[in-house]
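These are my notebook entries on a single chain. I set down what I looked up, in the order in which I looked it up.

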Amino acid sequence: QVQLAESGGGLVQAGGSLRLSCAASGSIFSVNTMGWYRQAPGKRRELVADITNFGRTNYADSVKGRFTVSRDNAKKAVYLQMDSLKPEDTAVYLCYSDLLTIYRGRGDYWGSGTQVTVSS
């Protein structure tokens with residue numbers, strides 16, 4: 001079994017900060033790109049940020065300069081530091097990873113999501 005487990009969501013006032021964490025576990029041979037998507041009620045799921053196993057990052061325009069994605073390859077973990085949060089950042093944040101697993105080959109895996117709510 002391969003799992004992605006997120007933590008760190010919560011309620012914060014506008015202008016505040018949160019840090020999300022996600023760790024992959026299970027029968028994993030290697031971890032490629034890891035990142036974060038988000039989905040707000042009534043909206044499509046959108047990419048927030050991702051990072052390759054070489055450290056190349058990619059951000060949605062709406063979060064550039066406010067969010068920072070990072071990873072710890074030894075821990076198979078990805079993090080999202082969110083600063084200067086805005087009410088429009090309110091969403092369920094989902095961790096994902098492109099993994100090469102021992103028994104099922106390569107594929108995209110998702111966490112169950114963590115709620116981030118930013119009050120005005």
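Predicted model: local features only at pLDDT ≥ 70, side-chain atom pairs only at ≥ 80, totals over all residues.

**Entry 1: Asp-89**

I located Asp-89 in the loop between strand 8 (77-82) and strand 9 (91-101). Residues are numbered from 1 along each chain as its sequence is written, and side-chain values use heavy atoms, with hydrogens and water left out.

Is Asp-89 buried or exposed? I find Asp-89 buried, because its relative accessibility is 1%. My cut-offs are under 20% relative accessible area for buried, over 50% for exposed and partly exposed in between, with a 1.4 Å probe and protein chains only.

I then looked for a side-chain partner and found Arg-38, joined to the side chain of Asp-89 by a polar contact of 2.9 Å. A polar contact is a pair of N or O atoms within 3.5 Å; within protein, one must be able to donate a hydrogen and the other to accept it, and residues adjacent in sequence count only if both atoms are side-chain atoms.

I also listed the contacts of Asp-89 (heavy atoms within 4.5 Å). With neighbours within four places in sequence left aside, Asp-89 touches Arg-38, Arg-66, Phe-67, Ser-84, Val-116 and Val-118.

I traced an open sheet of four strands, ordered 1-3-8-7 with antiparallel pairing. Strand 1 (2-7) and strand 7 (67-72) are its edge strands, each pairing on one side only. From one strand to the next, the twist averages 15°. Here the axes are lines fitted to C-alpha atoms, for helices over the stretch in contact, and angles run from 0 to 180 degrees between N-to-C directions.

I count two strands as paired if DSSP finds at least two bridges between them. Strand 1 and strand 3 (residues 18-26) are antiparallel and share six bridges. Within strand 3, Ser-21 is the residue opposite Ser-7.

**Entry 2: The disulfide**

How many disulfides does the rule give? I count one disulfide, taking the term to mean a pair of cysteine sulfur atoms within 2.5 Å. Cys-22 and Cys-95 form the link, with 2.0 Å between their sulfur atoms. The angle about the S-S bond is -75°, and the link of Cys-22 and Cys-95 is left-handed. The pair links distant parts of the chain, as Cys-22 belongs to strand 3 and Cys-95 to strand 9, 73 residues apart.

I checked the burial of both cysteines. Cys-22 counts as buried because its relative accessible area is 1%. Cys-95 is buried as well, with 0% relative accessibility.

**Entry 3: Strand 9 and its partners**

I next followed strand 9, which is mostly covered, with nine of its eleven residues buried. Strand 4 (residues 28-39) pairs with strand 9 in the antiparallel sense over nine bridges. Trp-36 has Cys-95 as its bridge partner in strand 9.

Strand 11 (residues 114-119) is joined to strand 9 by three bridges, and the two run antiparallel. Val-92 has Gln-115 of strand 11 opposite it.

Strand 10 (residues 105-110) and strand 9 are antiparallel over six bridges. Asp-98 faces Asp-108, which stands opposite it in strand 10. A hairpin of three residues joins strand 9 to strand 10.

**Entry 4: Lys-43**

I placed Lys-43 in the loop between strand 4 and strand 5 (46-51). Lys-43 is exposed, because its relative accessible area is 56%. From Lys-43 to Phe-67 I record 24 residues in sequence and 20 Å in space, C-alpha to C-alpha.

**Entry 5: The whole chain**

I counted zero helices and eleven strands in the protein chain. The radius of gyration, 14 Å, is close to the 14 Å that the globule rule gives for 120 residues, so the protein chain is as compact as a globular protein of that length. The radius of gyration is taken over C-alpha atoms, and the rule is 2.2 Å times the number of residues to the power 0.38. Along the principal axes, the C-alpha atoms fill a box of roughly 45 × 25 × 20 Å.

Of the 120 residues, 42% count as buried. Among contacts between residues at least 6 apart in sequence, 56% join residues at least 24 apart.
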